[in-house]
Amino acid sequence: MSSILQSLQKTVIAGVVLLLVILAVVASVTGSAVNLSSTEWWRFLFRYFHVLAGVMWIGLLWYFNFVQTPSMPKIPDAEKPAVSKVIAPTALFWFRHAALWTVITGAIVAALGGYLVPALTLTQGVHTIGIGMWLALVMAYNVWFIIWPNQKKALGIVVVEADEKAKAAKTAGMTSRINTLLSVPMLFCMVAQQNGGL
């Protein structure tokens, strides 16, 4: 078991295998089988992928805002390059791609459910999830077109003058805070629509 847990790839694969075992056990106990031709099954599967991607996206957003950013002033200057050169670029890779896959899988779920356009046009009955979708789209835009370009400058991936680097760090930080602010109502709207909240 420890050899599996020492590798992230093996751990994820083991998690998928465990999920498949659980599904097989539940199917054998309940006598129900997966119907791959069912739209409901695919909608459920993409909702699952949507939740996985969303957990990674918002988890990393909150990691940056609740852990990394407040901790940076406490880290000795000699140790800061470990964060800015190793940890932050890797976290930002997963952050921006999780945002992308959250949007893609969410759009697929909405399309399969027949409410993509009505939600985006804030039609009564799906307006709550529509608001959540618009908030998520703004947040994803911020990730790809404001935070990431400015973080590349702030982290030295793109070389710029010191004053532009400081300005880029501030812009990325403030936009990340905006996304943190937006994440609270966005998550509420997503959960409320699915559970009859609004």
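These are my notebook entries on a predicted model.

**Ground rules.** I number residues from 1 along each chain as its sequence is written. The model is predicted, so local features need pLDDT of at least 70 and side-chain atom pairs need 80 or more, while totals for chains, interfaces and linings use all residues, and side-chain values use heavy atoms, without hydrogens and water.

**Helix H2.** I took helices as DSSP runs (H or I, at least four residues), numbered from the N terminus. H2 covers residues 8-30 and has 23 residues. I looked up its expected span, which is 1.5 Å times one less than its number of residues. That gives 33 Å, and the distance from first to last C-alpha is 33 Å. At the N-terminal end, Ser7 caps H2. A side-chain oxygen of Ser7 lies 3.4 Å from the backbone nitrogen of Gln9. Just after H2, Gly31 has a positive phi of about 75°.

**Helix H7.** H7 runs over residues 162-194. Its 33 residues should span 48 Å, and its end C-alpha atoms are 47 Å apart, which agrees. I then checked for a bend (the angle between axes fitted to the seven residues ending at a residue and the seven starting there). H7 bends by about 30° at Ser183. Pro185 follows within four residues. After H7 comes Gly196, with a positive phi near 70°.

**The core.** I looked for nonpolar cores (buried Ala, Val, Leu, Ile, Met, Phe, Trp, Tyr and Cys residues joined through side-chain atoms within 4.5 Å). Buried means under 20% relative accessible area, exposed over 50%, and partly exposed in between, with a 1.4 Å probe and protein chains only. The largest core has 29 residues. Trp57, Phe95 and Met186 are among those with the most contacts inside it. Helices H3, H4, H6 and H7 each supply at least two residues of this core. H6 gives the most, with nine residues. I also listed contacts (heavy atoms within 4.5 Å). Beyond its neighbours within four places in sequence, Phe95 touches Trp57, Leu60, Leu61, Phe64, Val143 and Ile147.

**Salt bridges.** I counted a side-chain nitrogen of Lys or Arg within 4 Å of a carboxyl oxygen of Asp or Glu. The structure holds three. Arg43 meets Glu40 at 3.4 Å, N to O. Both lie in H3, three residues apart, about one turn of the helix. Asp77 meets Lys80, also at 3.4 Å. Asp77 is exposed at 62% relative accessibility. Lys80 is partly exposed at 23%. Glu164 meets Lys153 at 3.2 Å. Glu164 is in H7 and Lys153 in H6, so this pair ties together parts 11 residues apart in sequence.

Methods:
A polar contact is a pair of N or O atoms within 3.5 Å; within protein, one must be able to donate a hydrogen and the other to accept it, and residues adjacent in sequence count only if both atoms are side-chain atoms.
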